[in-house]
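Please look over the sequence and the model first.

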Amino acid sequence: MSHKFVLVNWNKRKQAYDICLWIGIALYLSLFILVSHGRFQGEHAISSPIILIRAFSTCGFIMLTLILCIGPLARIDRRFLPLLYNRRHFGVSFFIIALIHGALAIFWYHSFGDINPIVSVVTSGGDYQSFSGFPFQLFGLLALLIFFVMAATSHDYWNAVLGPTWKTLHIHCPKPGAVFSKPAAS
């Protein structure tokens with residue numbers, strides 16, 4: 001059995017949702033950048049790359065928070081069901097924002113040395129016993145890899161190919177070996 005490859009089954013509602021979503025993202029980023037440039041001037045000036053890193057990080061955090069709220073809200077009130085229907089688009093958009101944040105942060109903080117920037121993130125030491133010296137960037141890279149797997153499998157094609165495994169992959173971190181096993185009969 002083969003599946004026809006269709007990246008996304010577009011319809012008018014999904015297109016309108018994505019347009020509204022990306023307009024909201026663009027407005028948030030623009031407003032954040034404008035306010036930051038206006039607020040941090042003179043002695044307290046912050047460089048533009050750092051403002052961009054902060055803009056994308058806060059946008060990603062807000063998006064992830066909203067994505068995680070959609071499921072419970074849809075169970076509480078049926079008016080949120082259209083958001084639940086389009087949550088995969090929101091998640092893929094979140095991954096793009098998180099990827100841009102990660103790329104900017106790695107470029108700004110790790111690319112001016114002698115080692116590969118990714119290797120620098122993984123090998124840059126840290127103090128696991130200290131809150132201020134905790135190596136959070138390694139966990140950010142691992143989270144980005146998890147979000148990549150989720151975004152890469154968030155398309156109708158993978159939903160059809162993986163079947164129930166798709167839902168297991170997206171709902172929780174399965175036990176080792178459980179991803180490819182058949183679900184237990186009820």
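Helices (H or I, at least four residues) and strands (E, at least two) are DSSP runs, numbered from the N terminus. This is a predicted model, where local features need pLDDT of at least 70, side-chain atom pairs count only at pLDDT 80 or more, and totals for chains, interfaces and linings use all residues. Residues are numbered from 1 along each chain as its sequence is written, and side-chain values use heavy atoms, with hydrogens and water left out.

**The pocket**

H2, helix H4 (87-110) and helix H6 (136-152) each supply at least two residues to the lining of the second largest pocket. A pocket is found on a 1 Å grid over the protein atoms alone: it is an open set of points where a 1.4 Å probe fits, with protein on both sides within 12 Å along at least five of seven lines, and lining residues have an atom within 4 Å of a point. The space in the second largest pocket is about 570 Å³, a volume being the space filled by probe spheres set on the points. Its lining counts 22 residues, and Ala-98, His-101, Gly-102, Gly-140 and Leu-141 lie nearest the centre. H4 gives the most, eight residues. The lining holds 15 nonpolar, seven polar and no charged residues. Here Ala, Val, Leu, Ile, Met, Phe, Trp, Tyr, Cys and Pro count as nonpolar, Asp, Glu, Lys and Arg as charged, and the others, Gly among them, as polar.

**Helix pairs**

Axes are lines fitted to C-alpha atoms, for helices over the stretch in contact, and angles run from 0 to 180 degrees between N-to-C directions.

| Pair | Angle | Axes |
|---|---|---|
| H1 and H2 | roughly 140° | within 10 Å |
| H4 and H6 | roughly 150° | within 10 Å |
| H1 and H4 | about 30° | 10 Å apart |

H4 is therefore roughly antiparallel to H6; that term covers angles over 145 degrees. Their crossing is left-handed, meaning that the near helix is turned anticlockwise from the far one by less than a right angle; clockwise is right-handed. In H4, Phe-94, Phe-95 and Ala-98 are among the residues that meet H6, whose side includes Leu-144, Phe-147 and Phe-148. Contact means heavy atoms within 4.5 Å. This contact has nine nonpolar, two polar and no charged residues.

H1 and H4 cross in a right-handed way. Among the residues in this contact are Lys-14, Asp-18 and Trp-22 of H1 and His-89 and Phe-90 of H4. By class, eight are nonpolar, two polar and two charged.

The crossing of H1 and H2 is right-handed. Tyr-28 and Phe-32 are among the H1 residues that meet H2, and Arg-54 and Phe-56 are among those on the H2 side. Twelve residues of the contact of H1 with H2 are nonpolar, four polar and one charged.

Conventions:
Parallel < 35°, antiparallel > 145°, perpendicular 65-115°, else oblique.
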